[in-house]
Amino acid sequence: MKPAEEFILNQPEPFKSILLHLQILIESSFIEAKLQFKWRLPFYSIDNKPFCYLNPSKKKGFVDVGFWVSAHLTKYNEHLISDGRKVVKSLRYFTLEDINEEILIAVLSEAHQLRDKGFYKRK
């Protein structure tokens with residue numbers, strides 16, 4: 001078993017269910033996405049470039065789907081949370097029912113199209 005899969009399966013509920021659902025959605029929508037384990041978190045890469053990461057925050061009670069290209073994202077910005085972070089933004093889920101698949105897939109699709117963009121938005 002991959003370290004990222006083991007990490008997900010070892011999470012307490014509701015984090016495990018949220019992470020498994022996100023994993024299914026991401027992998028079924030982006031078959032080229034590779035699940036890896038870096039920085040002690042599951043993250044996906046496409047063509048060896050960071051795509052998104054999954055971060056369960058047990059202390060605060062949510063799971064973030066974070067995006068490296070968030071400076072370039074334009075769709076559903078009202079749902080993206082920066083939470084004091086300078087560059088990275090994320091979609092945040094407290095329950096399985098919070099996951100709006102349409103919004104998630106739209107943001108993931110845009111991130112996929114922008115994957116060659118840099119971390120920062122240059123003027």
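Leaving aside neighbours within four places in sequence, which residues is L22 in contact with? I found L54, V63, V65, Y93, I99 and L104, taking contact as heavy atoms within 4.5 Å.

A note on ground rules: this is a predicted model, where local features need pLDDT of at least 70, side-chain atom pairs count only at pLDDT 80 or more, and totals for chains, interfaces and linings use all residues. Residues are numbered from 1 along each chain as its sequence is written, and side-chain values use heavy atoms, with hydrogens and water left out.

Next I checked confidence. The pLDDT (the predictor's confidence in each residue, from 0 to 100) averages 87 over the chain, and 88% of the residues score at least 70. Over residues 119-123 it is below 50, though this stretch has nine contacts in the model beyond near neighbours in sequence. Where pLDDT is low, the predicted coordinates should not be read in detail.

Then I turned to the core. A nonpolar core is a set of buried (under 20% relative accessible area, 1.4 Å probe, protein chains only) Ala, Val, Leu, Ile, Met, Phe, Trp, Tyr and Cys residues joined through side-chain atoms within 4.5 Å. The largest one has 32 residues, and L22, F51, F67 and L104 have the most contacts inside it. Helix 2 gives the most to this core, with six residues; helices here are DSSP runs of H or I, at least four residues, numbered from the N terminus. Apart from this core lies another of five residues, including L41 and W68.

Last, helix 3: its buried residues include L104, L108 and H112.

How values were computed: Buried means under 20% relative accessible area, exposed over 50%, partly exposed in between (1.4 Å probe, protein chains only). Helices (H or I, at least four residues) and strands (E, at least two) are DSSP runs, numbered from the N terminus.
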